[in-house]
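Hi,

Here is the structure we talked about handing over.

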Amino acid sequence: MGNKQVRIEIGSGFSGLPDLDDHQRALLQRMMTSDAVLRGAPGSGKTTLLLSAIAELVRQGRSFLVLTPDRSRADALMPAVQSMAPDAVRPVRTPTAWAYSIVSQWRNTRDEPLGDVELLTGASIDRLIVQLLETTPLNWPEDLSQTIQALPAFKMELRYLIDLAAEAGLAPDSLVQLGKTHSIPQWETVAFLLRKWQEIPELAVEYRGTMQAHGAALGRSAARLLSRWDQDIETLRLRSDAPLPQCILIDDLQDCTPSLLPLLQSARQHGTQIIAFSNPDVSVTAYKRGYANLDLDLAKVLGVDIDDCGGSYHSTPRLHELNRQISSHITQSGPFSRRSAPFLGGTTDTETPVRIHSCASSAQMGAAIGYALRSHYLHDDIPWSRQLVLVRSQSLIQQARRALKRSYIPLAGGQQAFDFAANSMTSALLTSLIPHSDSAAQLIDLWLRSDLISIDTLHVRSAIQNYVWAHSETVRDGALSQHLTTDMLSRILVDSDSLPHHVETELRKLLTASSLWKESTGLSAEEGLWKAWETADVAQTLSDRALAQDADSDYYDDVLDAVIALFRVADIWQQRNPQGNAADFAAELLQSDVPIDTIARTALRREGVHVLTPEQAMGKHWDTVAIYGLQDGSWPDLRLGHRLLRGDLLTDILRLESQGSDCTPSETTPLLDDPRIQRRAILDNELRRLLAATSRATRFLHIGVVSNEDQAPSQFVELIAKASGIEIPEEGFTPEEVPPSLDLSGHVARLRFLATQEDDQTRELAANLLALLAQHGVHTAQPDKWIGAGGISSDSAIYGQQNVSISPSSFDTARACILRWFFSANSGSSVPTQSAADGTLIHSLAERFPHGPKQAVVKALEEEIQAMNLDEEPAATKIHLNHLRDMASALGEYLEGATGEVRVEVPFDVPVSSVNIRGRMDRLEVSGESARIIDFKTGKKGAKGKIKTDPDHPQLALYQLAAEELGYMIIDAELKYLGYGDVRTILQEPLDDNSKNDWINQLDEVASRMRGPHFIATPSDEACRYCEFTRSCPAKDQGKRSVE
């Protein structure tokens, strides 16, 4: 027998149950004799009662099963349950896992087993839906155009409706009738698709072979099988009784879906006792069709009253009062005594258990939270593992983790759910296995931005420019792209003598990776992945970085965990799809936007702070909780969802019907479809999420918010402040000044600052302390290690003698400040603003409809707006959309008035003196050999009814120079400003010889500065107003700290 490696994890043991109070003992006694449904406030002992009930069931020798809404809560509860019942097999499960086991046992405990059951993944469901859409002729309402149908949001809503119908057991004919009754024509079309879905043979429980189980339908299928189990023992010769325990206990019922109800009802009919615990005020799964008040429906089915668990034992008096105040703002249904439950714990408040950190930027907010966490670790003896950072949604987790890493806060890792499509490393590996264009530019870009390749954009830019210069006669006319392609790689590597060895090695890896897809259809999923992984050849490098025990080790642990998990998923996928190939596997994972759970091993990590969402944190408590980013517009997020196919309305109608409502459609539809009522329901869900977050804290609660010109604190901040006794100044909170971090780097930074002060004694003491630290091996205290102390790495020019490539927009930037141009060209620019997004949209309309007409332009805009799924009720949104509509209308009027030939998005890459001018012109209105240059702008400039002239406009001048090189005679060049809702023109006459020479001289001057190696900051009000690089600019106070 060979040796097998095992991993022992410390800290998962169960320390025993606390003593119950009199009220809890009375509840436990009743629970042991009858069905029970219990509500309780956070910390009121619901889990303690559940575990006490299990202990009593074990003592009585009765079988049991515990159900929790999701796997993370099941994993958290399992050690305690397993310690009480060591012989029980998987005593804690999710409802889906329980239903799966019932269906599987029914199919296979018979004389002729039907086959395995395979649970459909989200990506598999999406793929089936796409196949149905492609093969089923459907008549959608006119307002659901082809553009909208092609959107991912449309397919997500379609999947939501199919899941909802399956969960509710809704027949296609019933959906058709509901569509007619409530005047929702989309449902009639969806019903036709639903019928096709239900006709897929592999989805049926009676299917012979591997059943493809739809998770949303599994609960009702299992309930139906349980109801006929005794009959099937005779007719189908089942060899076992119904797989039911004597007692089922449900924890956190408020986060389960209504499909659990029929399953519990069938179990009860077989004599199984039901005990459920709930708190509707902390329901956090409404977006997954969870129902906060499901306990009311269950109590009705069981014929019992809902009991209250009593007072709260967790947290402190002030935190308890905060939670009570938040819950009082949530719409109430059923018993509400939990909201007035007293605090029974023995702890007392610290001076300030709730603290609000108002900061001027996200970076400062991260620093403030990092400082607070480290302060608790050092001064309050709170371990890192007892501290939690909460974000509203999964999309913010990485942002929060990056912010904490900047403060050197150790983070817990070892995740088991991976979004392979969003991870740069796994996305690049998968993309190399799917067919793509011969240029492979997107694939090469993905590899360059991942850790699979060690060269950066400067290396790539240098390689391209050196090649262009060496082959200027053959390349220039081909308008060579700045992005690497397979063709460009091949050409560069043919003449690789001028390349540094490591650059050549990495470029050859890129070239190999770009052609891997040609073999992938003949390889299995694992074989294809190994091909890509071996091509990258980074295993040893990543392993060394992960083991380095430095600030980046956790990151590289995460990278390797994701790769290992990907191989694990590939292995399972191949077993389920023996005929599938690597390309199919990669395409399926890249199309999935839902993190995939795996059981792959992850790296052992040191103790650290968890960063979670409220739903991931449910079932556990921490001494310190920090909420990261309680911002207006994001928490609460009051956007109305599922509006394209009206899944929101169908959810409410089905819920009313399940509760036996006798209201007529004419009464229910206007009420359910009232935006005010819908928004109130959404606000309730956001408050529940907030309460779920604040109630995780037992000692300290920190609220991080950003307050500046672009971001404002959430309305919930005021609620928390008032409930916590924190006074809000009339002018709002003053931005917090974050002191240096409470770690070695923070102390060194402080000493470096003090060493530059005028006071001799302070300066000398700081210098001596820095020297002492340096003697003890703290390299950051050594002056020769400070940024800038070692001189510049190279005094060579960035460009050689070849032409400098420049676009009209970058010319304007470089002319104003060459340092800003250098930063943006080599490190990227800031996140696009709303105005930039509006400009992209307007330009796309101008490209699609070069001759209008106005009606088509306006209609296309409305389709885009509908596809955005925006809530148009808030005043700011209305103003923004009306502004867009005004601009589209003005654009449409101009376009339909144009006559003659029009060319749109005209590319150019032409040599002018020492530069290559490169870019695109929005529009050329051609008349014979002459052309008028048109550039659309969404800003607000120009005078109504009057054409302004601007001979000094740099972009128009460069457009003219480029157009002349393309062979056009220039009529004029015009900027068309649409920002006022009409068309306002700024015109530049054709350049004369003197003007051309002047602009060419300016081009040469800017080009000489672009070559480097020195890039001098040129501060000015205009150049600095919107610059995103002030923190790195030596001409600004914020940037001096990075270079001095």
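Predicted model: local features only at pLDDT ≥ 70, side-chain atom pairs only at ≥ 80, totals over all residues.

Below is what turned up when I went through the model.

**The cores**

The largest nonpolar core is made of 51 residues, and those with the most contacts inside it are Leu429, Trp447, Leu452, Leu507, Leu529, Trp533 and Phe585. Several helices each put in at least two residues, among them H17 (424-431), H18 (441-448), H22 (501-513), H24 (525-536) and H27 (582-591). Helix H26 gives the largest share, with eleven residues.

Leaving aside residues up to four places away in sequence, Trp533 touches Met425, Leu429, Leu452, Val538, Ala539, Leu542, Val563 and Phe567.

His953 sits in the loop that runs from strand S20 (948-949) to helix H40 (954-965). Its relative accessibility is 15%, so His953 counts as buried, the cut-off being under 20%. The His953 side chain also comes to 3.4 Å from the backbone nitrogen of Gln955.

**Helix H14 and its surroundings**

Which residues of H14 are buried? In this helix, residues 317-327, they are Leu319, His320, Leu322, Asn323, Ile326 and Ser327. Looking down the axis of H14, they fall within an arc of 160°, so they line one face of the helix. As a reminder, an α-helix has 3.6 residues a turn, so residues three or four places apart point the same way. What the buried residues of H14 pack against is strand S9 (354-359), helix H31 (675-694), strand S15 (697-706) and helix H32 (715-724).

On one side of H14, the loop from strand S8 (306-308) holds Ser315. The phi of Ser315 is positive, near 65°, in a residue other than glycine. Ser315 counts as buried, at 9% relative accessibility.

The loop between H14 and S9 is where you'll find Ser337. Ser337 is partly exposed, with 36% relative accessible area. Its side chain makes a polar contact of 3.2 Å with the side chain of Asp308. Ser337 and Cys309 are 28 residues apart along the chain, yet their C-alpha atoms are separated by 9.3 Å. Cys309 itself is buried, at 1% relative accessibility.

H31, one of the elements that H14 packs against, contains Arg679. Arg679 counts as buried at 17% relative accessibility. In sequence Arg679 is 40 residues from Arg639, and the C-alpha to C-alpha distance between the two is 7.7 Å.

**Cysteines**

How many disulfides are there? The count comes to zero. Cys817 is another buried cysteine, with a relative accessible area of 9%.

**A hairpin**

Strands S17 (residues 901-912) and S18 (residues 915-927) run antiparallel and are joined by eleven bridges. Within that pairing, Glu901 stands opposite Val926 of S18. Two residues lie between the strands of this hairpin, and Ser913 takes a positive phi there, near 55°.

**Backbone details to check**

Most residues other than glycine have a negative phi, and most peptide bonds are trans.

- The Trp635 to Pro636 peptide bond is cis, with omega near 15°. Pro636 belongs to the loop between strand S14 (622-628) and helix H29 (647-658).
- The Gly852 to Pro853 peptide bond is cis, with omega near 0°. Pro853 is placed in the loop between helix H37 (834-848) and helix H38 (854-868).
- Asp381, a residue other than glycine, has a positive phi near 55°. Asp381 lies in the loop between helix H15 (362-379) and strand S10 (387-390), and is exposed, with a relative accessible area of 66%.

That's everything from my side for now.

Cheers

Technical notes: Residues numbered from 1 in each chain as written. Heavy atoms only, no water. Buried < 20%, exposed > 50% of the residue type's maximum accessible area, 1.4 Å probe, protein only. Helix = DSSP H or I, 4+ residues; strand = E, 2+ residues; numbered from the N terminus. Arc of directions from axis to C-beta. Contact = heavy atoms within 4.5 Å. Core = buried A, V, L, I, M, F, W, Y, C linked by side-chain atoms within 4.5 Å. Disulfide = S-S within 2.5 Å. Pairing = 2+ DSSP bridges. Polar contact = N/O pair within 3.5 Å; in protein donor to acceptor, adjacent residues only side chain to side chain.
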